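Trainee: I want to check the labels on this model. Please walk me through the terms behind them.

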Amino acid sequence: MTFSIVARHGNAYGVAVASKFLAVGALVPAAETGIGALATQAWANLAYRPQGLAMLRSGASPADTVAALLAADDGRVHRQLGVVGPESAVSWTGEECLPWAGGVAGPDYAIQGNILTGPEVVADIEAAWLASAELPFAERLLTALAAGDAAGGDSRGRQSAALYVVEPGKGVGGWGDTSHDLRVEDHADPVGELRRLLALHEVLHGTPDPATLLPLDGELADEVGALLAALGYDDLDRWAGVENLEGRLVEGRIDPLVLDHLRTAAAG
């Protein structure tokens, strides 16, 4: 009852998924830095998540991982599974998954879906993935998912979507490896809402681009001081902390995104 893409980009792994099902992000995706990622769906076997990651962690290939999971599962004809490891990827669809159901895999991605409007959903996800290699990984995953949604997605309609990405040391504030864990649980346009959340995540948790930083001196320093005073602050650090923008502060310079946010806040 779901469509998803599981993929690798360098040392990062991620899953993007959407469904006419409540809180799909709580059930489908799993990923571990340096190990791999997977999506379990259709009549989802949630044990596939810890068991699959354990197999990948032991050195099993995605193909061997899928084979072992299915061999131990009497309900495998109803399952759908995508697994990506450091060197390969596999998508598998049980013969009794509800139509349309199917998938495709490449060296660094596995795409799958069931109860879809048709094979064009999977085809368009793959085309969007292959055409968007220049995008940041999380945005690339979401772009691919959005292409499947635009192609028709789940034939029953829309309800939830999620984006889960792990990358070494890229957790919020540098803590842990989970760079993105965004979920839309129940929404008329879950993929569109997920895109809004990703943009907000970048504002709050992204890092500034050194090439765009502005020297915080002269007239600009005077403007920033005046804006802060209008908001009741005498210190940029304090204001940024309240606004959850402290990760974008750079000594002696200012991120244009922070500056825009400050100007907007002061304008009321």
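Mentor: Start with contact, which means heavy atoms within 4.5 Å. Helices (H or I, at least four residues) and strands (E, at least two) are DSSP runs, numbered from the N terminus. The model is predicted: local features need pLDDT of at least 70, side-chain atom pairs count only at pLDDT 80 or more, and totals for chains, interfaces and linings use all residues. Residues are numbered from 1 along each chain as its sequence is written, and side-chain values use heavy atoms, with hydrogens and water left out.

Trainee: What do the buried residues of H8 pack against?

Mentor: Strand S11 (214-215), helix H6 (218-230), helix H7 (236-242) and strand S12 (253-254).

Trainee: Which residues of H8 are called buried?

Mentor: Val258, Leu259 and Leu262. Each is under 20% relative accessible area; exposed is over 50%, and partly exposed lies in between (1.4 Å probe, protein chains only).

Trainee: What puts them on the same side of H8?

Mentor: They cover an arc of only 100 degrees around the axis, so they share one side of H8. The arc is taken from the directions from the helix axis to the C-beta atoms. On the other side of H8, Thr264 and Ala267 are exposed.

Trainee: How does the span of H8 compare with the expected one?

Mentor: Helix H8 (residues 256-267) has 12 residues and reaches 16 Å from first C-alpha to last. The expected span is 1.5 Å times one less than the number of residues. That gives 16 Å, and H8 is close to it.

Trainee: What marks the ends of H8?

Mentor: At the start, a side-chain oxygen of aspartate 255 comes to within 3.0 Å of the backbone nitrogen of leucine 257. Just after H8, glycine 268 has a positive phi of about 85 degrees.

Trainee: Now the sheets. How do you know that S7 and S8 pair?

Mentor: Two strands pair if DSSP finds at least two bridges between them. Strand S7 (residues 102-106) and strand S8 (residues 109-113) have 5, and run antiparallel. They form a hairpin with 2 residues between them. Glycine 103 stands opposite glutamine 112 in S8.

Trainee: What makes S3 and S6 edge strands?

Mentor: The open sheet has 4 strands in the order S3-S4-S5-S6, with antiparallel pairing. Strand S3 (29-32) and strand S6 (89-93) each have a single partner strand, so one side of each lacks a neighbour in the sheet.

Trainee: How many bridges join S5 to S6?

Mentor: Strand S5 (residues 79-84) is joined to S6 by 5 bridges. Glutamine 80 has threonine 93 in S6 as its bridge partner.

Methods: Polar contact = N/O pair within 3.5 Å; in protein donor to acceptor, adjacent residues only side chain to side chain.
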